[in-house]
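Please read this briefing beside the sequence and the model. It begins with a term used throughout and then goes through the topics in turn.

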Amino acid sequence: LAFIGASAVANGLAPEALAPASLAQPSLKVLGTLALSFFIHSIAITIFRAAATPAHNARNLGAAYALVLLTYVSVGVSANLCPPLGDPASLESAAARNSFLSVRQPPSLATPLLVARFAVVLQCVTVYPVLVYAIRTQTFCALVYRDPYPGALPVLGLNAIVLCATAAVSIFGLHIADVLRFTGAFAALVMVYAVPAGVQWAELAAAARSSRRARAARLALTGGLLCCGCLTVAV
């Protein structure tokens, strides 16, 4: 957040960013990223199961979501209104697709940029084990063993698969934005759209006393959810 603020001050407000044509550019590609945010933040439920003081979960979760919202809004608004070197086209470059820190910045931001890159490395070192834990817990509990720790061998095997997948992204130079978008789209298709729709259909099958109109409304709602999920994958 400090680097984003420093970048906005150093680059200044770009007049092109306030143009009506620039403010009204809808992009359906953002649906995949938004779906990923819904999916990945549901991992918080898995993490809070192991909290030392569950009574503080509501407070901690509220603070976490507030910080996430502040981060997303700050990066999105400041980067578009005050683009690096005053060039909005730089946000569409290949470097920007991987990381905002890869975009060329004024020379005065060399030191803040170095500190920000170190902070990102520290974040990866601390967040990666948490993500692996969440993936392991959800995979083993939902699909195979019904146990978050079924043994050393299955855990090592899954960790090796995750490690190889993440290393392949770096080795082959894949754009992280594309990885996040498509991963989020498929994950959301299953977790955000398909699972609620499946629960609704199961309730419809069990609720024989519901009226035909109510069942039609539920089918329309769940069908719409599935269409939204397919749309996130398609775009």
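A residue is called buried when its relative accessible area is under 20%, exposed when that area is over 50%, and partly exposed in between, using a 1.4 Å probe and protein chains only. By that scale Tyr145 is partly exposed, because its relative accessible area is 43%. This is a predicted model, in which local features need pLDDT of at least 70 and side-chain atom pairs count only at pLDDT 80 or more, while totals for chains, interfaces and linings use all residues. Residues are numbered from 1 along each chain as its sequence is written, and side-chain values use heavy atoms, with hydrogens and water left out.

**Confidence**
- The protein averages a pLDDT of 75, and 66% of the residues score at least 70, where pLDDT is the predictor's confidence in each residue, from 0 to 100.
- Confidence is lowest in helix α2 (residues 20-23), with a mean of 51, and highest in helix α8 (residues 152-171), where the mean is 87.
- Where pLDDT is low, the predicted coordinates should not be read in detail.

**Overall architecture**
- The protein has 10 helices and 0 strands, these being DSSP runs numbered from the N terminus (helices are H or I with at least four residues, strands are E with at least two).
- Of the 235 residues of the protein, 23% count as buried.
- The accessible surface comes to about 15100 Å², with 73% of it belonging to carbon and sulfur atoms, as given by the Shrake-Rupley method with a 1.4 Å probe, where for residues only the protein chains shown count as cover.
- Among contacts with a separation of 6 or more, residues 24 or more positions apart account for 66%, a contact being heavy atoms within 4.5 Å.

**Helix α5**
- The buried residues of α5 are Asn57, Ser78 and Ala79, and what covers them includes α1 (2-11) and α4 (43-48).

- Ser7 is located in helix α1 and counts as buried because its relative accessibility is 2%.
- Leaving aside residues up to four places away in sequence, Ser7 touches Phe100, Gln105 and Leu109.
- Val120 lies in helix α7 (residues 110-144) and is partly exposed, with a relative accessible area of 34%.
- Val120 and Leu101 are 19 residues apart in sequence, and their C-alpha atoms are 9.6 Å apart in space.

**Aromatic pair**
- A search of the whole structure finds 1 aromatic pair.
- The rings of Phe140 and Tyr145 have centres 5.4 Å apart and planes at 75°, so the pair is edge-to-face.
- Rings of Phe, Tyr and Trp (its six-membered ring) pair if their centres lie within 6.5 Å, and planes under 30 degrees apart count as stacked, over 60 as edge-to-face and the rest as tilted.
- Phe140 is buried, with a relative accessible area of 5%, whereas Tyr145 is partly exposed at 43%.

**Cysteines**
- The structure holds 0 disulfides, a disulfide being a pair of cysteine sulfur atoms within 2.5 Å.
- Cys82 is buried, with a relative accessible area of 13%, whereas Cys124 counts as partly exposed at 44% relative accessibility.
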